[in-house]
Amino acid sequence: MSNTLFDKVWDAHVVRKIDGGPDVLFIDRHLIHEVTSPVAFLGLKNRGIGVLYPERTFATADHNTPTINQHLPVQDPLSANQLKTLEENTKTYGIKNYWGLGDYKNGIVHVIGPEFGITQPGATIVCGDSHTSTHGAFGAIAFGIGTSEVEMVLSSQCIMQPKPKSMRITINGSLGKGVVPKDVALFIISKLTTSGATGYFVEYAGEVFENMSMEGRMTVCNLSIEMGARGGMIAPDQTTFDYVQGREFSPKGADWDRAMAYWKTLKTEPNAVFDKELVFDGAEIEPMITYGTNPGMGMGISHHIPDAEQVEGGVATYEKSLGYMGFNEGDAMIGKKIDYVFVGSCTNGRIEDFRAFASLVKGKHKANDVTVWLVPGSHVVEKQIREEGILDVLTEAGFTLRQPGCSACLAMNDDKVPAGKIAVSTSNRNFEGRQGPGARTLLASPLVAAAAAVTGVVTDPRTLLQ
Amino acid sequence: MAYDSFNKLTSRAVPLPIENVDTDQIIPARFLKATERVGFGDNLFRDWRYHPDNTPKADFVLNDPTYSGSILVGGKNFGSGSSREHAAWAIYDYGFRCVVSSFFADIFRGNCLNIGVLPVQVSAGFLEKIFAAIFADPHTELEINLPAQTITLLATGEQESFDINSYKKENMLNGFDDIDYLINIKSNIQEFAKTLPL
């Protein structure tokens, strides 16, 4: 009996079940980018096969693109080759939905999918990128896959997956001042650890998520992978439908009515049973910050770094992590000197994130010794930033805006934080070297990033908000 | 791409007793710019293995001639983070055919199975025994028996069973991959597509 949101969507896409093995799952929409697709296309070529449903694949270049001077040829020959390969592959295999560098529709794959209405409730969506979980915000089953699976989807529109276990995380109540969706996600991950939801697919429920914007829900679902979950999802509601309606790939006319009738059935029934249930109170959550080298090593910004004995896991691993960061057990995070601020990525590169950043820096000025990279997730976001007057606020406060892309989140392009430098980052991973070899990352919300950008030290944003 | 079949493997093992080894450590993002699957082994654990000037870090296990073998033994939650299959490719290309840990991240586990690296999950206690045995005698050997689904410390005969679903086991034993299967049911998939709710 399909009675959870997840079951309803999953079961509607099972082509067949294999005894003692995975389910063959039909994929409605496949997102691809330049980094994890070339070897998959090469596989098709070697097998002499084509793409089964080219209209179900959508391609953008984002991981490996520069965020300045995008009109000029890409300098790094390896990056340039990867971008060219994506363009050629989409042409060869009849994938018309290709938006390369310079195209208005180009941007981070998990930002543009929803913006153009490609992401819809009840759909199965995959991409060779672990943060595909973002799209779960719409009540879709969305998750990251490896390159072999990219090849499977291209060739058969299916992948083979064992059905994951189910977990529901309910947060009721309301969020305090200065607490935003990123904090909610970092709070959950800090409670569950980086592997606490491995093997599960998560449904987020409760007032905190019901009251969240689509942008906020995307931030939360995006970070599901950071607690090990394959994905996270939120039941579609009026907020979802209002967001989806009228976008380029959204259903229109009678198709819209038919879709709405179906989408309204996509919710967990009251009698549904989950393999695991967790409940938190929204009032418990503070602005969060991480202090270590995985996203589970986070805490309320006013707290001190815990002693090794207080945390789960081995002491040697914990000490290695703090050693990399240059921090000590018992240190306060507030007041720590920082060198870089990065606002962007598929986690926090949407309009709401720039609105939040601007709301805090308005009337203040960038700290002199801090380098700040503000990178919109897409051209649509960039346009909104200009049209809403946010760019004026940023310029006035001494900030500049870069061009869309994944940028310093994974530092595949030139946006690398130098070794030993500390970056407050709105992205998703604080792994060793993630933002550049030797770079030290503090994950936080756009508000915490803004507070750091204007003070040059880790600062509780609540002390600066009007 | 079909891969080498996997049946039994008896080998020394390389110990990496660190938890939460993420795929950014296994292969940093700046080495993901290739358009072919070649040479990833050179950059396996790049930043743990080499100094910024590309000289080897003597204290990293892959640079320590004491340890060798085609089995990598890692701490809990091995392979977390990015979905990059390049991590599994790097492990394979370096010469490992099996990774042993007490817990694997989902996507990494799936990627390994799809390219012919066998992930073997053991209990936390058995993992400790394996680490202790390797550190006591780096020549000690592990036997991985896929048909029997067992992992054995040959020095003491201590053994544990491991899980693998029967479909994937059959694939590993024969070097088949999922695409072979999916292409064979293409007409079923096309029929199914007509029945989707939207």
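## Exercises on chains A and B

The contact between the two chains takes 63 residues from chain A and 50 residues from chain B; two residues are in contact if their C-beta atoms, placed from the backbone, lie within 7 Å. This is a predicted model, in which local features need pLDDT of at least 70, side-chain atom pairs count only at pLDDT 80 or more, and totals for chains, interfaces and linings use all residues. Residues are numbered from 1 along each chain as its sequence is written, and chains are lettered from A and ligands numbered from 1 in the order in which they are written.

**Exercise 1.** Find which element of chain A gives the most to the side that touches chain B.

*Solution.*
- Step 1: The elements giving two or more residues include helix 2, helix 5 and strand 1 (14-17) of chain A. Helices (H or I, at least four residues) and strands (E, at least two) are DSSP runs, numbered from the N terminus.
- Step 2: Helix 5 of chain A gives the most, with seven residues.

**Exercise 2.** Describe how helix 2 and helix 5 of chain A are oriented to each other.

*Solution.*
- Step 1: The axes of helix 2 (residues 38-47) and helix 5 (residues 147-156) of chain A come within 8 Å and cross at roughly 50 degrees. Axes are lines fitted to C-alpha atoms, for helices over the stretch in contact, and angles run from 0 to 180 degrees between N-to-C directions.
- Step 2: Angles under 35 degrees count as roughly parallel, over 145 as roughly antiparallel, 65 to 115 as roughly perpendicular and the rest as oblique. The two helices of chain A are therefore oblique to each other.
- Step 3: On the side of helix 2 of chain A, the meeting residues are A:V39, A:A40, A:G43 and A:L44.
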